[in-house]
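Morning, everyone. I have one chain to walk through today. Please have the viewer open.

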Amino acid sequence: MSEKYWLVVQYPMKSAQGSKRDHWLKEKVMEYLETVLTQAELGEVDGCDMGSRVADPKEYVMNIFCVVTDEDRSIALIKKVLRESRLDYTRIQIATMPYGTEGSYTLKYASKKGVTEFLL
């Protein structure tokens, strides 16, 4: 399958700069995701941003961006790794968008019930 997707794992934060815990979490999540996505030959971590949400500057988030080749398998693997590694799995949202397009992300998983839309 040659199709690629942008996949973003999003965590809420309490400030634009993030706490010590947020920075630790960013490093650990990026390290774990890079390892498992590469080993499974599903993709790689592309980067991270932390700060104000684009859609609402009063809300703060950390976004970890990945490029993956199999959307469903990648989401399942990421959820499993974050849950088993105890990396704040209960706070995440995961969304995807076809690679190379200028569109919006589609929410694929939200840890909180009732969440139906995803905003960067």
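Let's start inside strand 2, residues 43-52, where Cys48 sits. This is a predicted model, so keep that in mind throughout. Is Cys48 buried, exposed or in between? Its relative accessible area is 28%, so Cys48 is partly exposed. Now its contacts, leaving aside neighbours within four places in sequence. Cys48 meets Lys26, Met30, Met62, Asn63, Ile64 and Phe65. One distance to go with that. Cys48 and Val29 are 19 residues apart along the chain, and their C-alpha atoms are separated by 10 Å.

Lys26 belongs to helix 1. Buried or exposed, this lysine? Its relative accessibility is 18%, and the cut-off for buried is under 20%, so Lys26 counts as buried. What does Lys26 touch, beyond residues up to four places away in sequence? The partners are Cys48, Met50, Met62 and Ile64.

**The whole chain**

Step back now. The chain has two helices and five strands. Read from the N terminus, the order is β-α-β-β-α-β-β. The radius of gyration is 13 Å, close to the 14 Å that the globule rule gives for 120 residues, so the chain is as compact as a globular protein of that length. Along the principal axes, the C-alpha atoms fill a box of roughly 40 × 30 × 25 Å.

Some totals. Of the 120 residues, 40% are buried. Take contacts between residues at least 6 apart in sequence: 63% of them join residues at least 24 apart. The accessible surface is about 7,100 Å², and carbon and sulfur atoms account for 48% of it. On charge, there are 17 positive and 18 negative side chains. The centres of those two sets lie 9 Å apart.

**The cores**

Next, the nonpolar packing. The largest nonpolar core has 23 residues. Which residues have the most contacts inside it? Val9, Tyr11, Leu33 and Leu82 do. Strand 1 (5-13), helix 1 (20-39), strand 3 (60-68) and helix 2 (71-84) each supply at least two residues of this core. Strand 1 gives the largest share, with five residues.

Setting aside neighbours within four places in sequence, Leu33 is in contact with Val9, Thr38, Val45, Ile64, Cys66, Ile78 and Leu82.

**Two loops**

Last stop, the loops. Between helix 2 and strand 4, look at Arg86 and Asp88. Arg86 is not a glycine, yet its phi is positive, about 55°. Asp88 also has a positive phi, near 50°, and is likewise a residue other than glycine. Their accessibilities part ways. Arg86 counts as exposed, at 72% relative accessibility. Asp88 counts as buried, at 16%.

The other loop joins strand 4 (93-98) and strand 5 (106-110), and Glu102 lies there. Glu102 is exposed, with a relative accessible area of 85%. How far is Glu102 from Arg53? In sequence, 49 residues; in space, 18 Å from C-alpha to C-alpha.

That's the tour. Over to you.

Terms used: Residues are numbered from 1 along each chain as its sequence is written. This is a predicted model: local features need pLDDT of at least 70, side-chain atom pairs count only at pLDDT 80 or more; totals for chains, interfaces and linings use all residues. Side-chain values use heavy atoms; hydrogens and water are left out. Helices (H or I, at least four residues) and strands (E, at least two) are DSSP runs, numbered from the N terminus. The radius of gyration is taken over C-alpha atoms; the globule rule is 2.2 Å times the number of residues to the power 0.38. Buried means under 20% relative accessible area, exposed over 50%, partly exposed in between (1.4 Å probe, protein chains only). Contact means heavy atoms within 4.5 Å. Accessible areas come from the Shrake-Rupley method with a 1.4 Å probe; for residues, only the protein chains shown count as cover. Lys and Arg count as positive and Asp and Glu as negative; His and the chain ends are not counted. The place of a charge is taken as NZ of Lys, CZ of Arg, CG of Asp or CD of Glu. A nonpolar core is a set of buried Ala, Val, Leu, Ile, Met, Phe, Trp, Tyr and Cys residues joined through side-chain atoms within 4.5 Å.
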